[in-house]
Protein chains: 2
Amino acid sequence: MTQQSDINRRIVLAARPQGAPDSSHFRLETQPVPQPAEGEILLRTVWLSLDPYMRGRMSDAPSYVPPTALGAVMRAGTIARVEQSRHDGFKPGEWVVSQSGWQDYALSDGHDLQRLPLAARQHPSWGLSLLGMTGFTAYMGLLDIGQPQAGETVVVAAASGAVGSVVGQIARLKGCHVVGIAGGAKKCRFAEQTLGFDRCLDHRDAMLASQLRRHCPDGIDVYFENVGGRVFDAVLPLMNPRGRIPLCGLIADYNVSTPSALADRLPQLQSAILRKRLRVQGFIITQDYPHRFGEFIQQMSQWIADRRILLREDIYQGLENAPHIFTGMLAGDNFGKVVVRVAPDEP
Amino acid sequence: MTQQSDINRRIVLAARPQGAPDSSHFRLETQPVPQPAEGEILLRTVWLSLDPYMRGRMSDAPSYVPPTALGAVMRAGTIARVEQSRHDGFKPGEWVVSQSGWQDYALSDGHDLQRLPLAARQHPSWGLSLLGMTGFTAYMGLLDIGQPQAGETVVVAAASGAVGSVVGQIARLKGCHVVGIAGGAKKCRFAEQTLGFDRCLDHRDAMLASQLRRHCPDGIDVYFENVGGRVFDAVLPLMNPRGRIPLCGLIADYNVSTPSALADRLPQLQSAILRKRLRVQGFIITQDYPHRFGEFIQQMSQWIADRRILLREDIYQGLENAPHIFTGMLAGDNFGKVVVRVAPDEP
């Protein structure tokens with residue numbers, strides 16, 4: 001079903017997944033396009049961001065995001081155009097960054113909207129990535145918690161992805177030795193040849209641990225943890241004293257609903273934190289760093305203008321495809337930042 | 001064998017323990033009292049400090065302290081008197097804090113010596129505790145990593161011990177709600193009635209988790225981790241967002257040589273760090289904070305003068321008893337800071 005101008009298509013949560021979600025956990029519904037009341041804006045979704053953290057919202061288990069109710073629209077960051085406005089702060093045709101979710105149209109009273117950053121005007125979907133949540137996550141996690149110094153070694157997983165690719169590029173800009181970890185030779189080549197990582201290793205390689213040791217001859221000073229799972233086991237023994245581990249995501253664990261049969265690794269981690277005096281710190285960008293968004297936008301806009309930071313986007317078409325794009329992303333099918341073009345007639 | 005003035009008794013590491021050490025891992029040897037060369041000092045040990053971290057030195061497994069060689073003297077912090085001096089910086093009769101270890105006499109070239117803090121002159125063994133390593137550990141870990149704010153909840157294990165008792169008292173001075181955890185009713189009563197903790201819970205209580213929940217109605221903001229083991233499992237679910245976990249010791253794990261048969265708790269910890277944006281940070285006082293020792297001594301001396309900080313010492317007699325005192329301490333037999341009086345004729 002394609003978009004019609006008087007119909008709002010919306011994708012709602014149909015069931016809570018145990019383990020990996022599939023299309024049965026989503027439902028496409030239609031309703032008339034809603035009408036804005038006084039003080040409201042009608043938004044038309046142009047770009048929809050799909051991100052691993054949304055898996056957390058599908059469960060009612062404790063998560064760092066509140067759960068989506070059964071039957072409610074899947075939430076997501078979007079780039080939208082103002083279609084109609086009864087709010088004196090917004091004019092029809094303006095671009096905004098919104099939280100309108102997996103649907104064609106949405107109402108807002110403006111409190112959850114931001115102007116699209118100037119540097120994203122030529123490329124609006126960057127407001128969801130380089131100049132939005134994923135870029136901001138990379139920037140603050142690496143610089144504020146990771147505190148990389150020139151000459152140090154920074155390791156980042158999901159190296160071609162929306163967060164990891166930016167972490168690695170910023171670390172290079174700071175003069176670090178950067179080793180990425182990614183799934184498959186193509187992603188690794190991209191990280192090395194296009195993004196300028198010193199090295200990128202395949203996490204499917206049975207020799208990952210020894211490869212990592214070889215390519216981090218001075219140990220690891222910062223491990224940017226955005227995947228979880230077994231990569232951590234290869235990284236931990238190589239962490240240097242006073243190493244830092246910013247932790248912003250655990251995609252490898254999101255679909256795991258049964259306890260692991262592995263031996264308990266908690267004492268090992270505690271012992272490594274003590275022996276090596278590590279700092280392991282979780283953060284949620286929207287909660288911990290809103291006061292530094294301006295600084296981020298200014299710096300990132302400059303890097304983009306100077307062509308010092310690149311982003312690979314995986315651009316998909318059509319709201320109706322969001323469920324299988326999303327489930328594929330959780331399985332590692334994506335290459336870079338996943339965005340869905342919802343309004344085909346917009347840039 | 002008691003002390004004779006021309007004989008140096010020394011306790012050496014006889015064998016490396018697997019699991020809990022016992023007296024067979026130590027050996028008492030004698031040798032003539034050594035003679036200082038030009039530039040050296042002969043020290044007489046008066047007080048010997050016994051601390052859990054010494055267990056790490058008995059193993060050659062990776063630890064945060066270097067291993068003691070087989071046949072070498074067990075190392076330890078001591079309070080000593082200068083017996084003879086051929087060093088122009090030290091005079092006979094002076095008190096020093098040294099690293100002379102489990103023996104009656106030792107030579108030093110002065111580089112590893114510190115003057116006994118003024119506030120410890122009336123009570124020299126405090127140079128090993130309140131005004132020494134354990135007090136300094138409590139002070140920096142709580143204030144620099146834990147950063148407790150008035151009204152927050154601080155939980156500390158080994159609440160009657162050398163580090164935990166000071167952590168809790170400083171947290172009270174900062175206006176926090178303080179809950180201790182200790183082994184047995186006597187230690188708990190001491191923490192509540194003498195040290196002024198708001199509450200102290202027995203870790204042997206099968207209901208520890210629910211007791212802790214009840215007595216931390218606003219959750220836990222700082223958990224000072226100095227024991228490891230299962231207390232952590234009761235604490236983690238109660239940690240508040242942006243909570244801090246300074247980690248300076250894992251006594252419960254030191255004697256464990258076989259991997260746990262428990263299910264893997266690592267993913268749970270990682271998930272909690274992410275969801276709650278926790279900061280977990282290891283530190284080793286002698287490596288991370290030497291530049292702040294002066295500040296600590298000044299503040300702690302003031303608190304002692306004002307009678308705002310107390311310490312319970314477990315005072316034992318006789319170097320020859322050090323092995324069984326030490327192994328008992330690892331089993332939780334001690335109540336407060338363990339010190340051994342080596343020179344009975346000194347204060």
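1. Let's start with how the two domains of chain A sit relative to each other. In this predicted model, the centres of domain 1 and domain 2 of chain A, taken over C-alpha atoms, are 28 Å apart. Domain 1 is made of two stretches, 7–129 and 311–341, while domain 2 covers 134–287. Where they touch, domain 1 of chain A contributes 16 residues and domain 2 of chain A contributes 15 residues. On the domain 1 side, the touching residues split into seven nonpolar, six polar and three charged.

2. Just past the end of H2(A), A:Gln147 has a positive phi of about 40 degrees.

3. H2(A) also packs against helix H10 (residues 293–305) of chain A. Their axes come within 10 Å and cross at roughly 100 degrees. That angle falls between 65 and 115 degrees, so the pair counts as roughly perpendicular. The H2(A) side of the contact is A:Gly135, A:Phe136, A:Tyr139 and A:Met140, and these meet A:Phe293, A:Phe296 and A:Met300 in H10(A). By class, the contact has six nonpolar residues, one polar residue and no charged ones.

4. What do you find when you turn to H2 and H10 of chain B? Helix H2 (residues 133–146) of chain B and helix H10 (residues 293–305) of chain B pack with axes 10 Å apart, at an angle of about 100 degrees. H2(B) and H10(B) are therefore roughly perpendicular to each other. The residues involved are B:Gly135, B:Phe136, B:Tyr139 and B:Met140 from H2(B), with B:Phe293, B:Phe296 and B:Met300 from H10(B). Here the class count is six nonpolar, one polar and no charged residues.

5. Helix H3 (residues 164–173) of chain A is mostly covered, with eight of its ten residues buried. Those eight are A:Gly164, A:Ser165, A:Val166, A:Val167, A:Gly168, A:Gln169, A:Ile170 and A:Ala171. What do they pack against? Their partners are helices H2 (133–146) and H4 (185–193) together with strands S8 (153–157), S9 (177–182) and S11 (220–224), each of them in chain A. After H3(A) comes A:Gly175, with a positive phi near 85 degrees.

6. Strand S9 of chain A, one of those partners of H3(A), holds A:Val179. Why is A:Val179 classed as buried? The reason is its 26 C-beta neighbours inside 10 Å. A:Val179 lies 23 residues along the chain from A:Val156, yet the two C-alpha atoms are separated by 6.6 Å. Leaving out residues up to four places away in sequence, A:Val179 touches A:Thr153, A:Val155, A:Phe197, A:Asp198, A:Arg199, A:Leu201, A:His215 and A:Cys216.

7. The loop between S8 and H3 of chain B deserves a check. B:Ala158 sits in this loop, and its phi is near 50 degrees, a positive value in a residue other than glycine. B:Ala158 is buried, with 28 other C-beta atoms within 10 Å. B:Ala159 lies in the loop between S8 and H3 too, and 30 other C-beta atoms within 10 Å make it buried. Contacts of B:Ala159, apart from its neighbours within four places in sequence, include B:Gly164, B:Ser165 and B:Gly168, as well as B:Lys187, B:Phe197 and B:Cys200. By contrast, B:His111 is 34 Å from B:Ala159, C-alpha to C-alpha, at a sequence separation of 48 residues.

8. A further backbone angle to inspect is at B:Arg277, a non-glycine residue with a positive phi near 55 degrees. B:Arg277 is in the loop between helix H8 (266–275) and strand S13 (279–282) of chain B. With 21 C-beta neighbours inside 10 Å, B:Arg277 counts as buried.

9. Finally, the core. The largest nonpolar core has 203 residues, and the ones with the most contacts inside it are A:Leu48, A:Val235, B:Leu48 and B:Val235. For B:Leu48, the residues touched beyond four places in sequence are B:Ala76, B:Thr78, B:Trp102, B:Leu319, B:Ala322, B:Val339, B:Val340 and B:Val342. As background, nonpolar side chains tend to be buried together in soluble globular proteins.

How values were computed: Residues numbered from 1 in each chain as written. Chains lettered and ligands numbered in written order. Predicted model: local features only at pLDDT ≥ 70, side-chain atom pairs only at ≥ 80, totals over all residues. Domains from an automatic or database assignment. Contact = placed C-beta atoms within 7 Å. Nonpolar A, V, L, I, M, F, W, Y, C, P; charged D, E, K, R; others polar. Buried ≥ 20, exposed ≤ 12 C-beta atoms within 10 Å, placed from the backbone. Helix = DSSP H or I, 4+ residues; strand = E, 2+ residues; numbered from the N terminus. Core = buried A, V, L, I, M, F, W, Y, C linked by C-beta atoms within 7 Å. Axes fitted to C-alpha atoms, helices over the stretch in contact; angles between N-to-C directions. Parallel < 35°, antiparallel > 145°, perpendicular 65-115°, else oblique.
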